[in-house]
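User: I have a model open and want to learn how to read its features. Can you walk me through a few?

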Amino acid sequence: MRTGALAALRPLARRFAMFVAVIWAASTLNFFVPRLAPRNPIEEKLLAQQEMGGTTVDIQSLVRAYNAEFGLDRPLWRQYLTYINDLAHFDLGYSIADYPTRVAAVIGRAMPWTIGLLTTTTLLAFAIGSVLGALTVWSDAPRLFRAIVPLFMIFSAVPFYLIGLALIYVFANLLQWLPLGGGMGIRTMPTLTFAFALEIFKHSILPACSILIASVGVWALAMRGMMVTVVAEDFMTFAEALGLTSRRRFTQYALRNALLPQVTLLALSLGHVLSGSILVELVFGYPGVGQQLFRAIQNLDYFVIYGIVLVLVTAIALAMLVVDLVYPLLDPRLRRLGTAR
Amino acid sequence: MILRYLRRNPSLPLGLLLIGGLLAFSIAGRFVIGYDAAFPLSGPPSLPPDADFPFGTDADGRDLLAVLVYGTLLTLKIGVIAGLLGVAIGTCVAFVAAYHGGWVDVVVRILVDVLISIPALLVLVVIASAIHTSMSTTIMAVTIALLAWREPTRQIRAQVLVMREAPYVKLAVLNGAGAARIIFREMVPNLLPYLAASFVMAVAQAVLASIGLEALGLGAPAEPTLGMTIFWLMSESAFLLGLWWWIVAPITVLVLLFVGLFLITVGLDELANPRLRRDTA
Amino acid sequence: MRASRTITRRQWIQQAAITAAGVAAARGADAQTDATVARADTLVATGQPSGGAPTFAQYNDFNPFHPGLDLRSSICFVLEPLFFYSVLPDRMVPWLAESYEYSADHSAITVHLRQGVSWNDGHPFGADDVIYTIDMLRKNGQGKGDQLYASAMARDVKELVRVDDHTVRIELNHPDPRWFFTYLTVRFTEGSFILPKHIYSVVDPANLASFTALDKIGPNGPVGTGAFKITNMTPERIILDRRDDWWGATTGFHKLPEMKRVIFVPFTTHEQAAQLISNGEVDTILEAHVPVMKSLLQRFPDRITTYSGNKPPYGNIDWWPTSLLFNHTKKQFQDVRIRRAVSLYLNRKQAMDYAYQGAAEVSGLPYPRYPRLLPYFTDMDETIKKLRILDYDTKAADALMTEAGCAKNAQGVWMIDGQPMGGDLYYPVSLDAVAPVIAEQLRRAGFQVAPNTRPGYRNEVFFGHASWWLWGHGASVNDPFQTLALYHKRHIRPEGENAFWPSRWRNDEYSDLVDKIEALTPDDPGVRPLVDQALTIWLTEQVAAPISQFYHRIPFNTTYWKGWPNEQDPYINPTFWHNTGTLMLLGLKKA
């Protein structure tokens, strides 16, 4: 029989090892996939120069110089080892397209916008969607709610960038209530005032709404699945036999039990919403990480792609790790039995 | 009795009706209008719906009726191929992992966990942009399938693990049945509702993924899928120019498609879990 | 104990109400702006973004010789060149230099610099800066060669002589009557800006690639001689403020620009840009597609206009005439009859109708219709008609294909040597209006073709993998030589190697003619017949299929600013993101 402390550390260590494994696997895949095609990002960047018109410049020597600079002329396995080594030192390298800007700088500028927009929207969608999804299964729920949910399901079928375009058209173009896009006003200088904060908020309403409208349905669906299992449990029948009100049974017994597993999905969904953020940010001109990734892909900027995907995967893996560790604290049943596996 | 079933849970038949209707529209449409009409120069540009062009044309002159007819099928094709591959791969991997146990199971579990934590569209975008051969719907389907097997694997593996302990399986083992026999005679038939539900979900997600990729410009320009239509309408400023017929057409089809798939999922859930059925008493 | 971790219905309704109130409140509140500069004193424009996403690339890079720097919305207003060239009135505009002359044998250039010019940190401008700039590039070219024009400077410049404070003599290794124009005259996106020696001399020319010139800035930001200074630079926005102590005003050369501030934001989507300009938040944008342009002109006739007013082509001619180019190393396009057939399959008028609603001119030569190139259109008119360069004739095309040994298979696809003909038609984003139409015309003709502009398409084209692509001839503007030189045989490279101009067409007679033209000065009367000869070969061999002229359709909002370049007063092309952008800013007047 091991002591309490050691017993508690082992699952922790195991999870942490899992976390590292995830990061490493993701980085490796991340490294090789963009290189599937035998294309040279340096050439692409320099040829973009020529595409803008100029045929005066001699590209050849420029290519040779920059290939050497970025180490792209070395064998692939060598580049991979350098890459892993750099990662271990938290060095994301230089951006090819924006040389000499560093990848970390590129991501760092865009991160706050994405985090701000996506965290609030995800949490809101999670909350609203879970409640609505649970209500579809609850036979005593008012008709009104049962009707709203299918509506949201329908919206989740429409790609949310299209919803975004429609919202822009109606609210920004026709009614002119909200800005057309961007993170803040064109002529605004950032200051630490309430007015500036309000402006940031104003600019984030439409992008947030389009994500919300589209993803509430997804959460509702997931929650519905969970509720279905919970509703079938014996304790629900028991609660009904006890004569508890429908509302009480719904919120305190059904919802609460069904919601917990959903929390693990929350961490996963971060990835899903981040994927979708590319398109929302492009449509709204919102200066977040998604559109930087899109740009990096267009420019074949490997190092920025690596950096962004890595940061995102780390964030998600970290979120999952946190949820895994926090979950037993939330669910008293697991606390008593030890960690469930 | 059938009527009673229909009244109780209309979801499955309704869903099948919707999807069937879309398929019928697509297949019947082929006899009415040729494939070429889904390409540019088939009609005057940006024409609102009229007698010759019941759904109008887009900015490059594609007949939108043809685009809907052929695009629906092409988009569904991507979804179905990716879904089938996803579920097939997922089932195989799940069985291998669950049945073998031991280190095989651990490896599979870690692999699936790793892949699930990676955002699908991001990876697909990176993969799709790396493909330098001509893009086609088949290639896109296969690309999506590369990630579509994650969730089915996890779910089916969980089911198999549970089923392995079931009394009828234990009985079969005691009777000396081989692994293959147990899998195919005992387990798979019981898994069918889950497989079907998994498949339908995989199709829905694959269609979403394909549309996302196409909207970013990574689709197959040679094939008029619904996602490509959305890509063209976004790049030609359809909203600004008020070309409502171009916007409404693919969205309506998409909504019908998803609602149909969703209803089928709901129906399958109820089939698998009788406790979900509405109490009619 | 209440379930406090989940949102109850009441809480949800409360949240909804708050959001709705927030939106209503936001509608009323005005955004905070810098109160010191009024909107009427500000010029706002959407500049060229990078890779399709709404941010500027290399926003914090101030070295104009960094390759791939597609950011023009800052440097070209702070740094200045020796001369500008304004193509529409065909005018050389002396700027930091007053004049220049070649030696008799064109192997040396003497440049006379303007007096009274100073950098924005007070340092005087002079010959040292010019010499330093060229020498720095030359040294870099002799070493790493990772700066623009560096290898050219290393190859061409023999010696730089400082005659006096304001006179420089550049001695070349080989006579070149076009050298000054090519490297020291700023036009479109080409030409060199002069760098401040006292800022750059701290850097070893070998390390220029990592030097952004922002490490050492003056009291007015990055150092330059221009009328503007950088106030604020982020990837989403660049702000430039007017410098009232600009040398142009103090020497009486030109009055100060009328705007106190210029703001550039990246161009996001056509849709959003059009909406921004229509509600007056932005004064000009990168471009508008023809349908969108027409919609803007129709809905806001009082405040939206273009270079050509409110009539076609809704813009000015650009130096990128569109053509369909062939890869001459691909077996399927080596027979001139096949290339001729492809050209005959193109219904150019239909393409213009669908892509540009007819607001574009078909062109039989790969030249833009600029003043000095017009004579060649007249010269070659006969030949173009005789060779049927612009004709649309599918029957004749079919006959040519069959004659060349092609045959259609059961699906109606042309085959040669058992292989289907065609291939992805690559194109740059700027040609996205016309590419699907051309691709469709070729598909109906029987080729296996799809338009392709996926990431990496430039690699495909320049490395010789592509069979055909749409591109623009961005070379000649006032001299027929540059475009002709693109097809010289010295640019040929094997497949898999990057070729400067990827057509890979070999013709010795043509290359000899180009060599002869290169040796003559641009004004030499002997040039014209030689060019005609070369063009005749080019057209007869159907080296490429010329399609149309290319236009920049730029809408202007006249609410706050007028005096935009137009057909009556074309003082500079209105592409403000080109290196010549300053000239337009200097020409605008308050409305």
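This is a predicted model: local features need pLDDT of at least 70, side-chain atom pairs count only at pLDDT 80 or more; totals for chains, interfaces and linings use all residues.

User: What radius of gyration does chain C have?

Analyst: The radius is taken over C-alpha atoms, and the globule rule is 2.2 Å times the number of residues to the power 0.38. For 591 residues, a compact globule would come near 25 Å; chain C has 27 Å, which agrees. Its C-alpha atoms fill a box of roughly 80 × 75 × 50 Å along the principal axes.

User: How many residues of chain C touch chain A?

Analyst: Contact means C-beta atoms, placed from the backbone, within 7 Å. By that rule, 66 residues of chain C are in contact with 69 residues of chain A.

User: How do α7(A) and α8(A) cross?

Analyst: Helices are DSSP runs (H or I, at least four residues), numbered from the N terminus. Axes are lines fitted to C-alpha atoms over the stretch in contact, and angles run from 0 to 180 degrees between N-to-C directions. The axes of α7(A) (160–174) and α8(A) (194–231) come within 9 Å and cross at roughly 135°. That makes α7(A) oblique to α8(A); oblique is what remains after under 35 degrees (roughly parallel), over 145 (roughly antiparallel) and 65 to 115 (roughly perpendicular).

Key:
Residues are numbered from 1 along each chain as its sequence is written. Chains are lettered from A and ligands numbered from 1 in the order in which they are written. Two residues are in contact if their C-beta atoms, placed from the backbone, lie within 7 Å. Helices (H or I, at least four residues) and strands (E, at least two) are DSSP runs, numbered from the N terminus.
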